[in-house]
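Subject: Structure handover

Hello,

Here is the structure for you to look over. My notes on it follow.

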Amino acid sequence: MNVGVTPLGTMSTFWRPKVTPALAAHAQRSTIVNLLPLEHEAALDLGELASTRRVVRVQFLMAKAVPPLVTTRKR
């Protein structure tokens with residue numbers, strides 16, 4: 001999505017005017033939950049979508065060190 005193609009520009013810029021209206025039409029009165037990575041999110045105009053419906057962005061974070069939930073003992 002972040003690749004530039006002459007004369008189109010980046011792929012996200014090329015697809016944004018096509019993808020945004022398609023998603024808006026499909027989710028007319030629905031909340032949109034955005035699970036996309038930033039590179040793919042760039043193909044949407046979230047500002048335009050948020051003007052007519054609720055848009056929730058979910059971001060997954062990874063902890064630096066996560067203790068194991070289950071410990072096993074070697075016998």
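A residue is buried under 20% relative accessible area, exposed over 50%, and partly exposed in between (1.4 Å probe, protein chains only). This is a predicted model: local features need pLDDT of at least 70, side-chain atom pairs count only at pLDDT 80 or more, and totals for chains, interfaces and linings use all residues. Residues are numbered from 1 along each chain as its sequence is written, and side-chain values use heavy atoms, with hydrogens and water left out.

Salt bridge

A salt bridge is a side-chain nitrogen of Lys or Arg within 4 Å of a carboxyl oxygen of Asp or Glu. The count here is one. Glu41 pairs with Arg57, and their closest N and O atoms are 2.6 Å apart. The pair links distant parts of the chain: Glu41 is in helix 2 and Arg57 in strand 4 (residues 55-57), 16 residues apart. Helices (H or I, at least four residues) and strands (E, at least two) are DSSP runs, numbered from the N terminus. Arg57 is partly exposed, because its relative accessible area is 37%. Glu41 has 14%, so Glu41 is buried.

Nonpolar core

The largest nonpolar core has six residues: Ala24, Ala27, Ile32, Leu44, Leu46 and Leu49. Such a core is a set of buried Ala, Val, Leu, Ile, Met, Phe, Trp, Tyr and Cys residues joined through side-chain atoms within 4.5 Å. Ala27 touches Ile32 and Arg53, leaving out residues up to four places away in sequence; contact means heavy atoms within 4.5 Å.

Leu35

Leu35 lies in the loop between strand 3 (32-34) and helix 2 (38-41). Leu35 counts as exposed because its relative accessibility is 52%.

Best wishes
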